[in-house]
Amino acid sequence: MKIKGRVWVLKDKNGNLINDIDTDMIFHNRYLAITDINEMGQYALDNLEGWEDFSKKAKEGDIIITGENFGSGSSRQQAVDCFKALGIALIVAKSFGAIYKRNAINSALPIIEAKDIEEIEAESGDEIEVDVDTGLIVNLKNGKKTYAKPFSNVQKEILEAGGLFEFAKKLDV
Amino acid sequence: MGKTVIEKIFEKHTKDEVKVGNIIWLDIDTRTARDFGGPNVVKRLYQYYGEDVQVDDPKKTFFTFDTVAPAKTIPYANNQHFCRQFAKKRGIKVYDVDSGIGSHVAIEKGLCWPGSTFVGTDSHLNILGSVGAFGQGMGDADIAFAFKTGKTWFEVPPTIKIVFEGEPYRFPVTAKDLTLFTLRKLGSKGALGRAIEFYGKVIDNMNLYERITLSSMVTEMGGIIGFITPNREIIEHFRKVKNDPSIEPVVADKDAEYEQVITIDISDLKPQIACPPKPDNVKDVEEVEGTPVDSVFIGSCTNGRYEDIELAARIFKHFKVKEGVMVKVVPSTREVFGKLLRDGILDILYDAGVIVSNPGCGGCASGQIGMTGKGEVQISTSNRNFRGKQGDGDTYLASPVVAAVCAVAGEIVDPVKFLKQRGII
């Protein structure tokens with residue numbers, strides 16, 4: 001499977017990829033009483049310095065590129081669902097927080113780990129193509145390539161099923 | 001090849017082959033949800049299985065309301081009551097807003113036990129590594145799935161062995177200083193996706209409350225869980241509360257395979273402090289001395305035990321809170337609160353000018369006991385100081401002793417120097 005889209009590269013004001021973006025920066029705890037996914041998109045990244053207006057800029061099918069340990073912190077599913085609500089097609093991070101990774105896989109939000117993502121020299125607005133089976137990532141603007149860790153089987157199966165519960169229907173668990 | 005602690009616990013809870021990197025179906029002994037995440041768990045169950053959905057086993061399923069206790073806004077009140085109604089209809093026990101922090105209640109009441117598996121919507125449930133149990137915080141989809149099936153999928157993580165060398169710390173240095181020092185060495189990604197096992201003379205000497213502090217901040221090291229081999233006292237506690245003399249600790253094999261062995265020398269450990277805005281931004285307290293302090297929070301799943309608050313009371317016994325500083329103490333559970341009350345510790349706190357609240361998560365979760373304002377400097381005994389987590393102010397993370405001396409001095413001070421100058425130690 002290939003995913004193609006326009007990227008948002010989460011960089012700080014010095015132009016460096018931001019590491020350790022935690023769940024309070026993605027979806028702040030003041031919104032935790034919200035349980036309706038349709039209300040979640042508007043708050044995505046609104047506590048991340050320089051990215052407060054992300055939800056207004058992002059369009060369905062966009063891809064996010066970010067640094068190490070993305071989604072560290074709490075277990076809140078809203079930090080995944082807010083991106084689903086916006087129609088984000090894929091999150092590429094150098095690495096993910098362990099709980100975030102599970103939450104994304106279970107919700108069928110495609111995520112992929114590419115530790116050398118800087119190699120494609122992506123800027124916000126570039127278009128990239130990601131082959132989730134081989135891990136190949138190409139920046140269509142400059143032709144530069146890197147490799148991500150391909151999807152695991154469980155991740156692929158849950159994604160294809162459309163989420164953990166759809167997947168579970170096929171299993172004897 | 002021998003097995004690590006996590007491999008041994010997993011083997012008792014799966015039919016699949018337990019090998020690092022394998023994804024296995026894990027049987028979960030105890031499935032919980034708190035008031036954050038809990039309503040979403042219920043919603044998902046309704047969504048996928050209909051309003052008449054039953055859980056796999058009501059006796060193994062619990063709600064623990066600890067984040068906004070009691071509910072301070074209508075949406076939170078609605079959410080909690082939504083869960084209560086779901087639970088009542090299905091015979092599921094609710095540890096309600098009077099109970100305290102779910103992970104601590106689980107240890108006190110024996111909802112977990114050494115070698116057991118436990119999941120919930122609290123990202124610090126890996127705290128249960130402190131009693132040799134596998135605890136894991138997960139999102140609401142995972143927890144709804146566990147409520148319904150009693151299972152979860154899990155990738156068997158590699159284990160890092162951390163061995164502490166050097167003589168154990170002594171008052172006023174505490175387990176929190178050891179914990180922050182470990183985080184300083186490892187960083188926020190040092191254990192990313194890994195299990196940890198902690199060893200060394202200092203670990204053997206630690207009591208339960210100290211083990212809880214260390215295990216609780218494995219989350220901030222990026223880790224899955226940090227195991228400490230339970231001592232005799234901890235095993236006896238669970239045997240008694242569970243009325244089960246067969247409970248034994250799960251111990252790693254001598255020839256267990258570790259991905260990495262890290263030795264940390266803790267000789268001459270100094271009081272540590274995590275400066276804003278990240279938990280791993282740790283310095284010696286003496287490096288930031290003199291920073292004015294506006295407020296102090298003592299509590300949380302990291303430092304909300306009876307002994308933690310008693311440590312702070314050792315300072316407040318001698319000195320009052322400096323005028324203009326606001327100090328909030330939140331016991332972790334009702335049991336802790338009761339002991340503080342009966343032992344006269346609350347009298348000491350009251351006389352010193354401290355605010356004491358009912359048990360719960362306190363300052364960490366949407367402000368059960370208030371948040372910080374812009375420019376406010378807070379010393380907190382909790383585990384996260386990310387921007388906005390405990391309010392708009394700047395949060396420093398430290399031990400209950402450091403927090404208490406800062407409350408008294410009105411600025412950041414090293415407790416060793418402070419207490420020596422005043423002849424207390």
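1. The model is a predicted one, in which local features need pLDDT of at least 70 and side-chain atom pairs count only at pLDDT 80 or more, while totals for chains, interfaces and linings use all residues. Residues are numbered from 1 along each chain as its sequence is written, and chains are lettered from A and ligands numbered from 1 in the order in which they are written.

2. B:Ala403 is also one of the residues that touch the most other members of the largest nonpolar core, which has 188 residues; the others named are A:Val92, B:Val296, B:Ala312 and B:Cys406. Such a core is a set of buried Ala, Val, Leu, Ile, Met, Phe, Trp, Tyr and Cys residues joined through C-beta atoms within 7 Å. Helix α14 of chain B (residues 400–409) gives the most to this core, with 8 residues. Helices (H or I, at least four residues) and strands (E, at least two) are DSSP runs, numbered from the N terminus.

3. Among the buried ones are B:Pro400, B:Ala403 and B:Cys406. Just after α14(B), B:Gly410 takes a positive phi of about 75°.

4. Chain B as a whole has 15 helices and 18 strands, and buried residues make up 57% of its 425 residues. For 425 residues, a compact globule would have a radius of gyration near 22 Å, and the 21 Å of chain B agrees with this; the radius is taken over C-alpha atoms, and the globule rule is 2.2 Å times the number of residues to the power 0.38.

5. In chain A, 7 strands form an open sheet with mixed pairing, in the order β4-β3-β2-β1-β5-β6-β7. Strands β4 (111–113) and β7 (145–147) of chain A stand at the edges with a single partner strand each, so one side of each is left without a neighbour in the sheet. Strands pair if DSSP finds at least two bridges between them, and 4 bridges join the parallel strands β2 (residues 63–66) and β3 (residues 90–93) of chain A. A:Ile65 has A:Val92 as its bridge partner in β3(A).

Methods
A residue is buried if 20 or more other C-beta atoms lie within 10 Å of its own, exposed if 12 or fewer, and partly exposed in between; C-beta atoms are placed from the backbone.
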